[in-house]
Amino acid sequence: MPFPALTLFALSLALPLQETEADPAQVAEIDAINCRLDVPSYMSFAMAVRGKDGIARKRGWKQIGSDAGFLLEYQLPAPITVAGHRTQRIAFSGDSILAVLDVADPAVVARPEQIANEFDIEPLIAELVASGKATRAQVEAEFKFRKFGGQRILKNETEPARESESFRSRMEVARTISNAATHPGKTLYGCAYRMEVLDKDGAPL
């Protein structure tokens with residue numbers, strides 16, 4: 001299950017646990033997309049994109065209007081290659097950074113990553129067809145959009161509480177692949193960086 005959204009309070013508590021946090025200005029977006037960062041380094045980078053450091057402006061990123069309210073999209077000044085595909089579009093969504101790929105079927109990039117679709121409706125289709133209530137063509141015609149969403153956890157670590165402190169943090173880095181009805185013919189390929197602050201007994205704060 002995804003961790004709850006990271007709050008600024010939680011971030012301020014957990015960031016001091018990391019002594020090797022990367023300089024946001026030196027972080028490459030392709031490294032973030034490819035899950036090469038630790039969680040605090042990514043969070044600092046993501047906050048600096050539109051913050052006082054203005055990473056998006058300094059790098060010449062142009063914000064793209066989108067029907068997907070959950071995405072903040074940018075057009076890059078030059079293409080990057082992600083999962084063997086070139087793109088100039090990236091997006092931020094909650095705790096994730098994503099490359100917007102011109103790949104109509106997310107399974108094309110999910111198979112090499114060994115990521116399964118958590119929204120697979122094939123069993124439902126097979127069941128309806130087997131019941132005799134409808135043909136496969138009739139059932140498939142009802143599903144105008146086939147949702148794909150899946151992830152593979154790359155790192156899941158719990159930091160020990162420091163002396164005199166009653167909290168600790170759990171950090172997770174995950175490869176994510178999905179699609180969205182607002183982006184027909186596209187695959188969203190990226191990385192999620194999640195953090196959860198825990199009390200001394202391991203319960204979320």
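**View 1. R59 and E29 form a salt bridge, with their closest N and O atoms 2.8 Å apart.** A salt bridge here means a side-chain nitrogen of Lys or Arg within 4 Å of a carboxyl oxygen of Asp or Glu. Since R59 sits in the loop between α4 (55-58) and β1 (62-64) and E29 in helix α2 (residues 29-33), the pair ties together parts that are 30 residues apart in sequence. Helices (H or I, at least four residues) and strands (E, at least two) are DSSP runs, numbered from the N terminus. R59 is partly exposed, at 23% relative accessible area, while E29 is buried, at 14%. Buried means under 20% relative accessible area, exposed over 50%, and partly exposed in between (1.4 Å probe, protein chains only).

This is a predicted model, in which local features need pLDDT of at least 70, side-chain atom pairs count only at pLDDT 80 or more, and totals for chains, interfaces and linings use all residues. Residues are numbered from 1 along each chain as its sequence is written, and side-chain values use heavy atoms, leaving out hydrogens and water.

**View 2. Here D95 meets R194 in a salt bridge (3.7 Å, N to O).** D95 lies in the loop between β3 (85-93) and β4 (96-101), and R194 in strand β7 (residues 187-199), 99 residues apart. R194 is buried, at 7% relative accessibility.

**View 3. R170 and E196 join their side chains in a salt bridge (2.5 Å, N to O).** R170 belongs to strand β6 (residues 167-178) and E196 to strand β7, so the pair ties together parts 26 residues apart in sequence. R170 is partly exposed, at 24%, and E196 is buried, at 9%.

View 4. The structure holds nine salt bridges.
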